Structure formats: C-alpha cells, structure tokens
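This report is intended to be read alongside the sequence and the three-dimensional model. Please have both at hand.

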Amino acid sequence: MSAPEPRASVSTRGPVLIVGTGLLGTSLALALRAAGVEVQLADTSPTSLALARDMGAGALHGEDSPEPQVVVVATPPDVTADVVVAQLSAHPSAVVTDVASIKERVVNEVRSRAGAEARRYVGSHPMAGRERSGAGAADSDLFAGRPWVVVAQDSDPQAELVIRNLAVDVGASPVRMGAAEHDAAVAAVSHAPQLVSSLVAARLEELGEGALALSGQGLRDVTRIAASDPRLWSAIIVGNAGPVVGLLRRISDDLGALITGIEAAVCDPDRPEHTAPGAARVVAPGAVGAITDVMTRGNIGRARIPGKHGGAPHRYTEVQVLVPDAAGELGRLFSDVGAAGVNIEDFSLEHSAGQSAGIALISVLPAAALRLEEALDAQGWRVVAG
C-alpha cells in the first residue's frame, strides 16, 4: 500500500519505529503515515502486527530495515520499562519514548538501568484513548487537539524537542510535567473515573431485564468506559497504585458521609413526619444536606473541566431536537444546522432501544441558540423545550 499524501509540513524525521500495535501504537502509526512519515512496526503478537500493517499503519520492522530515528514504545505499562531499555540498546542513535499512562515507575526504572543512554529517553503520555482496544479500534485522528504529556527530566534537550515535535505533528499539544505530578493528575482524571465507572456498571450484573429496559442516557454516560479492557487497566492501576489509593480513600470518605446522611431518610415509625398541603414531606434534613453537599461540589468540579480544544470551560446553550430513528435523519439534521450557519460546539444523542426517535442534544454558543431553533423549526424539526 502506498503512503498517504502528507497533510502538511512536519518536523518528525523517519523512520519511526513503533513497538506495540494496539490502539495507541497503531493510531500513532496511522497519524504519522498520514503526515508522510516513514513508519516501521514491531509487536510480539503476529495477529496484531499483521492487522496494523494491513490497515496501512506501516511496514514490518526487520533486520534489514533502515535504522529508526525515533522509537515509540506502546506496550502495556507493566513491560514498558523493559522494552524501552532494550530499544535504547538496540538503536544507539535513536530517541526513544513511551506512551504508557504511568510515568514515575517507568522513568525511574529506565534511569536506573540504562545509565548514560537514558539521556536519549523521553517519557511521554498522550491523553487520548477509547473504551475499545486493539489495532482494529485505531484512529489516525485520535490525538488531534489532545494534551500530550512530556516527562523529560534528565533527558537531552534535543531528544525532548524531537518528542515534542512528534506530538505536534499528529495534532496534539505538548504539556511538560514531572513524572510524579503526571501520575497524581491521571489518577484523578483517568484512573479513578475508570474504576468508579466499573463499580457502577458492576451493580447492573444481576439487574432484571425489566429494570435494564428503563436505562437512559445518564447510565450510558456513566458506564461508557466500563467496557474497557480489564487486563490493560489492571496493569495501569497497579502501576499507579499510590495516587489511585489516596484518591479512592477520599472518595470512600465522601461516600461514607453520603451514606450516613441518606440513612437518616429511612422510614422510622417512631419519628414524627411533617407535611404541608401540596408540598413534599419535610423529613431527614441531614439527608438533604448530605446530598446537596456532594452534588454542589460535583457541580463545581464538573464546571472546572476544560472546554473545547482544551480551553477554559465555556457555558453553552443546549438545543434539543427530536430525531426519528431512520436512515439519514441524523445526517439531515447536521446539514440543516450547517445551513443555519451555526457551529456545533458539542453533541450527544439520547436514544433507548425500541424507541422510534431519539433526542439530539446540540450545544451551541448562547447567541446562536434562538437562531438555530427557529431555523430547525422552519425545516420541520421538532425542537424540544429545555
């Protein structure tokens, strides 16, 4: 298969050898190939390697292959340090990086084992992924607009520049961090959310079909990443055990306080209840306070998540549109939004099995909301009042 046409001028000089053809490795290979960079592939799994090659991710690395300028180790985190050290030895003129989601353990082990050669090593971690794994889930645009952490203490400055350029060439934004700082951050924004999602999803295991039929978008949102690979995540969590345990203990404290508060609402036949006509019963103020506290703090935390393109959080207006469950309807909706001259800042679709229609949630700038509602209404769409 011939190489794709380059997207634009890039700084990365190939060949780039990618060791590990899972989701991240193959996605990176596809992105580099799309930028016109020569890519070589290596993997201990012949099946994964063949699939990545057949997807056009690069050529198989062999004894006669040209010496790589850059080596990217995209293996599971429990073997990453071993592979990095081996690649530093095998390719004495190459800059070597890894894309593991834990950094302190990997960086420390490479520094202690590779000696002076570790100057050519730059730890890194693209903050990108999917709940699906493997080469078959790869996407050349996976890194577009995403942060790419660069951990370069004790690395040669020129080696760091090579990896920063690599990140930019695939559309990512380099962010320099220390290894411990990175691990504490990803424990909060990635590792703990994965475990909490899985905990919620695990409670569905024995739920009856009738109850599951009531599932809405909220449950799907919370449990989406619970479909992730358990073996890969076990290695990730164990590798970052310290920060994750600390965060889970704080979550556990919050959960304990919430349980104690809600328990106050359990019916007590000896407790007087105060009711007012047309109003909810005034009971268990402690429960209300506990729920309000955790949800208010949740609102504040949620509002701090960066907005589009990693910028500051931005408050958008949500336009809700009923979309029939029929071929081409979603495409027609996008076309009509474009014709109205409105940019979609975010989008989601709420739809349950068996329903004849779903609700499209279109986030737009507040100033464009009314214009979009009027334009869609004129095109025959049913705009749902928020």
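The sections below treat the basis of the model, helix packing, a surface patch, salt bridges and backbone geometry.

## Basis of the model

The model is predicted: local features need pLDDT of at least 70 and side-chain atom pairs count only at pLDDT 80 or more, whereas totals for chains, interfaces and linings use all residues. Residues are numbered from 1 along each chain as its sequence is written, and side-chain values use heavy atoms, with hydrogens and water left out.

## Helix packing

Helices (DSSP runs of H or I, at least four residues) and strands (runs of E, at least two) are numbered from the N terminus. Helix H10 (residues 241-263) packs against helix H11 (residues 285-303) at an angle of about 150°, and their axes are 7 Å apart. Axes are lines fitted to C-alpha atoms, for helices over the stretch in contact, with angles from 0 to 180 degrees between N-to-C directions. H10 and H11 are therefore roughly antiparallel; angles over 145 degrees count as such, those under 35 as roughly parallel, 65 to 115 as roughly perpendicular and the rest as oblique. The crossing of H10 and H11 is left-handed.

H10 also meets H6, the two axes coming within 9 Å and crossing at roughly 60°. This pair is therefore oblique, and the crossing of H6 and H10 is right-handed. A crossing is left-handed if the near helix is turned anticlockwise from the far one by less than a right angle, and right-handed if clockwise.

## A nonpolar surface patch

Val 196, Val 200, Val 222 and Ile 251 make a nonpolar surface patch of about 260 Å². Patches consist of residues with over 30% relative accessible area and no salt bridge; like charges are joined within 9 Å, and nonpolar side chains (Val, Leu, Ile, Met, Phe, Trp, Tyr) within 5 Å. Accessible areas come from the Shrake-Rupley method with a 1.4 Å probe, and for residues only the protein chains shown count as cover.

Val 200 is placed in helix H6 (residues 179-202). Its relative accessibility of 32% makes Val 200 partly exposed; buried means under 20% relative accessible area, exposed over 50%, and partly exposed in between.

## Salt bridges

The whole structure contains 12 salt bridges, each defined as a side-chain nitrogen of Lys or Arg within 4 Å of a carboxyl oxygen of Asp or Glu. One of them joins Glu 109 to Arg 113, with the closest N and O atoms 2.8 Å apart. These residues are four apart in helix H4 (residues 104-114), separated by about one helical turn. Glu 109 is partly exposed at 30%, as is Arg 113 at 42%.

In helix H11, Asp 293 and Arg 297 are four residues apart and form a salt bridge of 3.3 Å, N to O. In helix H12 (residues 329-339), Asp 336 and Arg 332 have a spacing of four residues, about one turn, and their salt bridge is 3.9 Å, N to O. Asp 336 is buried, with a relative accessible area of 14%, whereas Arg 332 is partly exposed at 35%. Shared partners link Asp 82, Glu 109 and Arg 113 into one salt-bridge network.

## Backbone geometry

Most residues other than glycine have a negative phi, and most peptide bonds are trans. The peptide bond from Gly 14 to Pro 15 is cis, with omega near 0°; Pro 15 lies in the segment before strand S1 (16-19).

Asp 154 has a positive phi, near 70°. Asp 154 belongs to the loop between strand S7 (147-151) and helix H5 (157-169), and is exposed, with a relative accessible area of 55%.

Technical notes. Buried < 20%, exposed > 50% of the residue type's maximum accessible area, 1.4 Å probe, protein only.
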